[in-house]
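Keep the structure open as you read.

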Amino acid sequence: MTLPPTDLIVPLLLNSPPPPSCPRSHSFVRSSVARFLSTVDTEALEKAIQVKGDEIRALKATGADKATVAPLVEELLSLKAQLNPEPAAKEKPKKANKKEPKPSKNKQPVKELSESELRDARLAKAAVMKESGVEPYAYSYKCNTNAAELQVKYESLENGTEDETADVSIAGRIMAKREFGKLAFYTLQDETGRVQLYLDKKRLEGDNFKNLKAWSDLGDYIGVKGTIRKTDKGEISVYCNEWTMLTKSLLSLPDKFHGLTDITKRYRQRELDLIVNENTKNTLRARSKMIRALRNALDDQGFYEMETPVLHSQPGGAEAKPFETYHNSMNMDLTLRIATELHLKRLIIGGFEKVYEIGRIFRNEGITTRHNPEFTSIELYAAYQDYDDMMNSVMRELAHVTIRNSPLLNFMLLTKTTMNDEFRNEGISTRHNPEFTSIELYAAYQDYDDMMNLCEDLICNMADAVCGSREVPYADETVNLNKPWRRVTMHDIVKEKMGFDFAELDSSSPDDLGKAKAVAQDAGVFKAADKNTIGEVLNECFEELCEPDLIQPTFVIDYPVEVSPLAKPHRSKPGLTERYELFCTGREFANSFSELTDPVDQRERFEAQAAKKAAGDEEACDVDEEFFTALEQGMPPTGGLGIGIDRVCMLLTNSPSIKDVIAFPLLKNDSS
């Protein structure tokens, strides 16, 4: 039995009525806005305009008629009029015989810059910053609060006063700028909301105030530190002592009032949609909480969450046209799954009594507002129950999810995670399967040091839950997962093995490249002969000579830039990146780095990868223009981490083959 896709359930939950304590009728909103506007300041007016605009668009999307929308449009126009009131100065009567003044010949009209010219101007600012010794793409930033927390914590602070004991460090994207000589007011937006920055030239030392105005643009990520001040009009503000450029955005944000109205562009450039439309964020938050609540409720009832293959040799479980693909190593035609049903039923046959899977389904069909060829569904199966039991279960779960996941409950997640099947058209061994499960997560304002600590914590927690111990037997070894784990650079571990220090070589010298290849071949690393850089030779020596001996958990850090196209350059070691991989039992478990946020650097690396692919390297990547469009919008300093779930499971269950921990591993046909 297949339940409706969760993609269709989300809108239902978003439209669920709010509790009586939070009425949201149009009359209530109109009366509240009217009372509030008597004392509101400019920032609050802007927020009210945005809310009212969202309300009008939401009504239009539901097919509301003009009579319903007209009163709200009048309110929106009234709000805009209060934001930009026209001067009421009296005009002197003009004499009938007086000629109109001629326009000045010297006064040139203001030219509106194109997107390309605006981008060039921002690139120039980034270059000036680098020339001045200021990094426009920071590595990390330590925050101790967020916008929503500040609004709650200092709500009772009196207007016009400052909490001089406050020590605030916050980061986010600049969404608005208002500059008045020696004062400036910026609006900073983080994941939880917005807060005003109060910037005073007297308070910012040296040229910091001048540089802030000259170098910053809307869309930039900055970090600020300071105290808290509540303005005379009641606006909670960070009274800044210092500021740091975190990411220089190269593209401008959508228009302030009209926003991102192109539906197709909203879907294609979802990152822009999330920046300017809070409703989109709320939708995705609700989806995440819904799935979490569904998963928790099923787990509490004794269901086991399972993972079944996405690559099928024979599609089944539904009537749908599949997507077709081909497996190079196995010489097999395969399809992406059109349902999870058949494999889950086989688990019931095998003895499990309650199983479910939340996963992606692929059907090669048309696209409508109700259908997408790639969608998420949940299928669950319970032995000894009939369709009446399953109907009761569905109603119970939907009620449970609705209560716990109302859009009014805005719990904020600072770390984004996804756990999915991944597919790589590669060979099969006891350590490799072309379809495998990994978890990827990304955290803003963190770097690879933070990710190492997080990686230790996650794997130790899994060991505690599965084994009840951090000393885990595996084959003939005992793996000690007690923290801290060893951390060693790639250069140092290769030097320990070979007695040769690649760090002493000049990466730009052809002679040194030849020397590196000769040393590698003498050590039995014959693949090094085909490499074009010293960094690639170093990496080949590590994989051949060092990796198999890493039985205890070890972080190998500081990889060459040539083999790390998405990692930030190391802040103090030229030619290297801030990247690590975790190795244990002689194989890779995790990969992480400080994410590259400089779009210019990133493009150069991708173009180098594309050249390698054109030369025949099947594993090299192409230039992804949609990704660059998103990156040029500005990504904050970010740490990323990917963990191979299957390999962790192999360790914790003492399984020699990856096939042992995958319910239905891909196998060759019996005929072959």
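A salt bridge here is a side-chain nitrogen of Lys or Arg within 4 Å of a carboxyl oxygen of Asp or Glu. Please bear in mind that this is a predicted model, in which local features need pLDDT of at least 70 and side-chain atom pairs count only at pLDDT 80 or more, while totals for chains, interfaces and linings use all residues. Residues are numbered from 1 along each chain as its sequence is written, and side-chain values use heavy atoms, leaving out hydrogens and water.

Across the whole structure, a search finds 26 salt bridges. One of them joins Glu625 to Arg603, with the closest N and O atoms 3.0 Å apart. This pair links distant parts of the chain, 22 residues apart: Glu625 belongs to helix α18 (residues 625-632) and Arg603 to helix α17 (residues 599-614). Helices are DSSP runs of H or I with at least four residues, strands are runs of E with at least two, and both are numbered from the N terminus. Glu625 has a relative accessible area of 43%, so it counts as partly exposed (buried is under 20%, exposed over 50%, partly exposed in between, with a 1.4 Å probe and protein chains only).

Next, find Lys483 and Asp457, whose side chains meet in a salt bridge at 2.5 Å, N to O. Here Lys483 sits in the loop between β15 (477-480) and β16 (486-489), whereas Asp457 lies in helix α13 (residues 448-466), 26 residues apart.

Salt bridges also form a network, which links Lys125, Asp217, Asp220 and Lys248.
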